[in-house]
Amino acid sequence: MKGDEDMITGYFRPRTLDEALALAARTDGVVVGGGTAVNARPDRRPVVAVDLQALGLDGIHEEPGRLRVGATARLQDIVDSDLVPDVLRSLARLEAPSTIRNAATVGGTIGGGDPDSPLLTGLLAYGAIVGVARVGSKARHPLDAVLDDRGLIEGGIITDVTIPLVERAGAHGTGRTPMDSPIVMAVACREAGGTVRVAVSGVATRPVLVDPEQLARLDPRGDFRGSAAFRSHLADVLVARALAGVGGSERA
Ligand SMILES: Cc1cc2nc3c(=O)[nH]c(=O)nc-3n(C[C@H](O)[C@H](O)[C@H](O)COP(=O)(O)OP(=O)(O)OC[C@H]3O[C@@H](n4cnc5c(N)ncnc54)[C@H](O)[C@@H]3O)c2cc1C
């Protein structure tokens, strides 16, 4: 409890996905991954916490042409995994300090949808697909769609993320300090067939996929970390660097 009006009326640590889904579907159910964002948010309504940590959804597995990362894999598990491409490991490391990384999960990072998230930006560029389970159904959605429409995960549980393995990837960001959240970050991925996807953070209310030839259409909002004009300039420079790092600009 954080104040007079905050009220956690129940705490559940279900052992099966079905049990967890039934709890998550309650109007007062709040899914908890690592809890680093949920616990920092002053909720003003009675809630029951549905802690996912006993579901065994924390594996990182290699499958043909892709990785499957469980929703409760911690950010530090990503940083430490030899299976995960180096670019994504670095982006997970940039996400938060080690104290947070050892609790925060991949599912919670997607659920939180932080507009400056380096890992989300990387996952977008990789073309990640999010597995979402609900009572009686399972679906898979592109991360881009999930960031666009939170209704795709509300009342459900993110179970895993599949990450296509790409031929080359590169990330370039600018922050106030090397370990601060980047003001703007660009991540480019080149698939084996030659198509390239580019994602950028810090230029919209969430990380976005961009057409490198249409960057002038971005309309970033300025704040204390960087004006709109500075962010636009960073996007130009950082996208060009990320594209150069993957060897060209053919678009997906
Ligand atoms: C000191 C501090 C520094 C931070 N710095 C950063 C930062 O630099 N960059 C950044 O992006 N974030 C930052 N955060 C925010 C937060 O730590 C991250 O967003 C983190 O990745 C959230 O992961 P989590 O597992 O702890 O999420 P939780 O707090 O457990 O959940 C976050 C949201 O996702 C939902 N959720 C969680 N798991 C699932 C699931 N499997 N299915 C469906 N919904 C789910 C929750 O209901 C909640 O709405 C910071 C937080 C703190 C306290």
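Which residue does Phe12 stand opposite in S3? Phe12 faces Val50 there. Before we go on, some ground rules. This is a predicted model, where local features need pLDDT of at least 70 and side-chain atom pairs count only at pLDDT 80 or more, while totals for chains, interfaces and linings use all residues. Residues are numbered from 1 along each chain as its sequence is written.

Two strands count as paired if DSSP finds at least two bridges between them. In general, strands of a sheet pair through backbone hydrogen bonds, either parallel or antiparallel.

Back to Phe12 and its surroundings. Strand S1 (residues 7-12) and strand S3 (residues 46-51) run parallel and are joined by five bridges. S3 also pairs with S2, again in the parallel sense, over four bridges.

Now zoom out to the whole chain. The domain assignment gives domain 1 (7-51), domain 2 (60-164) and domain 3 (168-246); such bounds come from an automatic or database domain assignment.

Next, look at the other sheet. Five strands make an open sheet in the order S4-S5-S8-S6-S7, with antiparallel pairing. Strand S4 (60-63) and strand S7 (137-142) stand at the edges with a single partner strand each, so one side of each is left without a neighbour in the sheet. From one strand to the next, the twist averages 20°, using axes that are lines fitted to C-alpha atoms (for helices over the stretch in contact) and angles that run from 0 to 180 degrees between N-to-C directions.

S4 and strand S5 (residues 66-70) run antiparallel and are joined by four bridges. Together S4 and S5 form a hairpin with two residues between them, and Gly65 in the turn has a positive phi of about 80°. You can follow the pairing residue by residue: His61 stands opposite Arg68 in S5, and the bridge partner of Glu62 is Leu67.

Further into the sheet is Thr159, which lies in strand S8. Is Thr159 buried or exposed? Thr159 is buried, because 22 other C-beta atoms lie within 10 Å. The scale works like this: 20 or more other C-beta atoms within 10 Å of a residue's own means buried, 12 or fewer means exposed, and in between is partly exposed, with C-beta atoms placed from the backbone. Leaving out residues up to four places away in sequence, Thr159 touches Leu57, Ala71, Gly131 and Ala133. Touching, or contact, means that the C-beta atoms of two residues, placed from the backbone, lie within 7 Å.

Ala133 and Leu21 are 112 residues apart along the chain, yet their C-alpha atoms are separated by 7.4 Å.

What about the ligand? It is surrounded by 29 residues, and the closest are Gly33, Gly34, Gly107, Gly108 and Gly111; a residue counts as near if its C-beta atom, placed from the backbone, lies within 6 Å. Strand S2 (29-32), helix H5 (106-112) and strand S8 (157-164) are the elements that give two or more residues to this shell. H5 gives the most, with five residues. Domain 1 and domain 2 both give residues to the shell, so the ligand lies between them.

Finally, turn to where domain 2 meets domain 3. Their centres, taken over C-alpha atoms, are separated by 19 Å. At the meeting point, 19 residues of domain 2 are in contact with 21 residues of domain 3. On the domain 2 side, helix H3 (86-95), helix H6 (118-126) and helix H7 (143-148) each supply at least two residues, and H6 gives the most, with seven residues. H6 is also mostly covered, as nine of its nine residues are buried. Just after H6, Gly127 takes a positive phi of about 80°.
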